[in-house]
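Here is a friendly walk through one protein model, written for a first look. Keep the picture open beside the text and find each part as it comes up.

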Amino acid sequence: MESMACAHPWPETTRPAVYRPRRPKETAFYRLVEDNLETFLVQANDPLCAASPSVPSYAERALRDFLTCGLPGEGFCRAVCRRCGREMVIGFSCQHRCPCPSCATKKMAVTGAKLVDDVIPEVPVRMWTLTLPKRLRFFLDKDEKVLDGTGRILAGEVERFLRQLAGIEDGRCGTVQFIQWGASRDLRRHVHYHQLSTDGVFVVGLDGSVSFREVRPPTPEEIKAVEQRLAARVLRLFVRHEHLEKDEAEKMKAWEFSGFSLDASVAVEADDRKGLERLVRYCARANFVASNVTYLPDRQQVIYRLPKPD
């Protein structure tokens, strides 16, 4: 299919973008999945190799749907320009964030635009990034209760800290939290949290009006104190869910380098809406970049180019 643009003359300031249909079958990642999916599923779910299927049904469904994404033969809609009458065919998308690179990019862009335009007010925003010790990350991947509970603890401790800075006990901060499942630099499974929180708290007045109280940036010592309180609560959470023994949790609390890491060095000003949208997109991005894949079927090799090689 050719690139399509409206043939009707448009003013330079309002000229629409050119629509360029995707060609998913021409990408290396598509050919890789198409050639190897069935073999992979048979081997991964072989009862002689695993006690239970190692590929969840939702993952298999996402992989199969990816092979139909953007293909007109699998379903399409017809778009017609009201100005010039030109028509184009647009294939349906699979709407899976992973593994489809097109749908993941679209969700990232839509999330950024939605949060900036309709959700996050014009106040300063700071990103808080939480990483847990390696021995705990496995349970985040397998237990939704500790995954959700850890996120709630992070949100609660950040709000508690902002209240202390503002000197307002009943102030509330706005928070949007993202869970990242991998490390984009090397594709390892690495569950961690990105949280965007207002750099201050909202206060409701006696007349019902809402005002915002901005706070100063946190110092490294204050961030470390929040990290220590957060780590203690997270360890208690893992003990309650029987993923850690109580004495093991106490030993981890006593370590100088426990593996917990909390960073709050990235922030955007209230009037930097473009910067905020870039930050939201960063938090909502997919870890896997399909364009970095090179597929060499003759050699039976797959090469993935790391964005930041060591």
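## Strands side by side

F178 stands opposite H194 in strand 5. This is a predicted model, so please read every value below as computed from that prediction.

In which order do the 4 strands of the open sheet lie? The order is 4-5-3-8, and the pairing is antiparallel. Strand 4 (175–182) and strand 8 (261–268) are at the edges. Each of these two has a single partner strand, so one side of each has no neighbour in the sheet. On average, neighbouring strands of this sheet are turned by 20° against each other, with direction ignored.

A helix joins the picture here. Helix 4 (residues 134–142) packs on the sheet and touches strand 3 (125–131), strand 4 and strand 5. The direction of helix 4 makes about 80° with that of strand 5.

## A hairpin

Next, look for strand 1 (residues 76–80) and strand 2 (residues 87–91). They run antiparallel, with 5 bridges joining them. Within this pairing, A79 stands opposite M88 in strand 2. The hairpin of strand 1 and strand 2 has 6 residues between the strands, and G85 in this hairpin takes a positive phi near 80°.

## Helices that meet

How can we describe two helices that pack together? Two packed helices are described by the angle between their axes and the distance between the axes.

| Helix pair | Axes come within | Crossing angle |
|---|---|---|
| Helix 1 (residues 28–44) and helix 2 (residues 57–66) | 10 Å | roughly 140° |
| Helix 3 (residues 101–119) and helix 8 (residues 273–284) | 8 Å | roughly 135° |
| Helix 4 (residues 134–142) and helix 5 (residues 144–166) | 5 Å | roughly 110° |

Let us start with helix 4 and helix 5, whose axes cross at roughly 110°. That angle makes helix 4 roughly perpendicular to helix 5. On the helix 4 side, the contact is made by F139, L140 and K142, and on the helix 5 side by E144, V146, L147 and T150. Sorted by class, this contact has 4 nonpolar, 1 polar and 2 charged residues.

Helix 3 and helix 8 cross at roughly 135°, which makes helix 3 oblique to helix 8. Their crossing is right-handed. Helix 3 brings M108, A109, T111, G112, A113, L115 and V116 to the contact, while helix 8 brings R273, L276, E277, V280, R281 and A284. By class, the contact of helix 3 with helix 8 has 8 nonpolar, 2 polar and 3 charged residues.

Helix 1 and helix 2 cross at roughly 140°, and that makes helix 1 oblique to helix 2. The crossing of helix 1 and helix 2 is left-handed. Which residues of helix 1 and helix 2 meet? F29, Y30, V33, L37, E38 and L41 in helix 1 meet E60, L63, R64 and F66 in helix 2. The classes in the contact of helix 1 with helix 2 are 7 nonpolar, no polar and 3 charged residues.

## Residues in the loops

Finally, visit the loop between strand 2 and helix 3, where F92 lies. F92 is partly exposed, with a relative accessible area of 46%. Leaving out residues up to four places away in sequence, F92 touches T68, C69, G70, G75, F76 and C77. F92 and L296 are 204 residues apart along the chain, and 29 Å separates their C-alpha atoms.

Q95 is also found in the loop between strand 2 and helix 3. Phi of Q95 is near 65°, a positive value in a residue other than glycine. Is Q95 buried or exposed? Q95 is exposed, because its relative accessible area is 56% and the exposed class covers values over 50%.

Another loop, the one between strand 9 (293–296) and strand 10 (301–304), holds Q300. Q300 has a positive phi near 55° and is a residue other than glycine. With a relative accessible area of 75%, Q300 is exposed.

Technical notes:
Residues are numbered from 1 along each chain as its sequence is written. This is a predicted model: local features need pLDDT of at least 70, side-chain atom pairs count only at pLDDT 80 or more; totals for chains, interfaces and linings use all residues. Side-chain values use heavy atoms; hydrogens and water are left out. Two strands pair if DSSP finds at least two bridges between them. Axes are lines fitted to C-alpha atoms, for helices over the stretch in contact, and angles run from 0 to 180 degrees between N-to-C directions. Angles under 35 degrees count as roughly parallel, over 145 as roughly antiparallel, 65 to 115 as roughly perpendicular and the rest as oblique. A crossing is left-handed if the near helix is turned anticlockwise from the far one by less than a right angle, and right-handed if clockwise. Contact means heavy atoms within 4.5 Å. Ala, Val, Leu, Ile, Met, Phe, Trp, Tyr, Cys and Pro count as nonpolar, Asp, Glu, Lys and Arg as charged, and the others, Gly among them, as polar. Buried means under 20% relative accessible area, exposed over 50%, partly exposed in between (1.4 Å probe, protein chains only).
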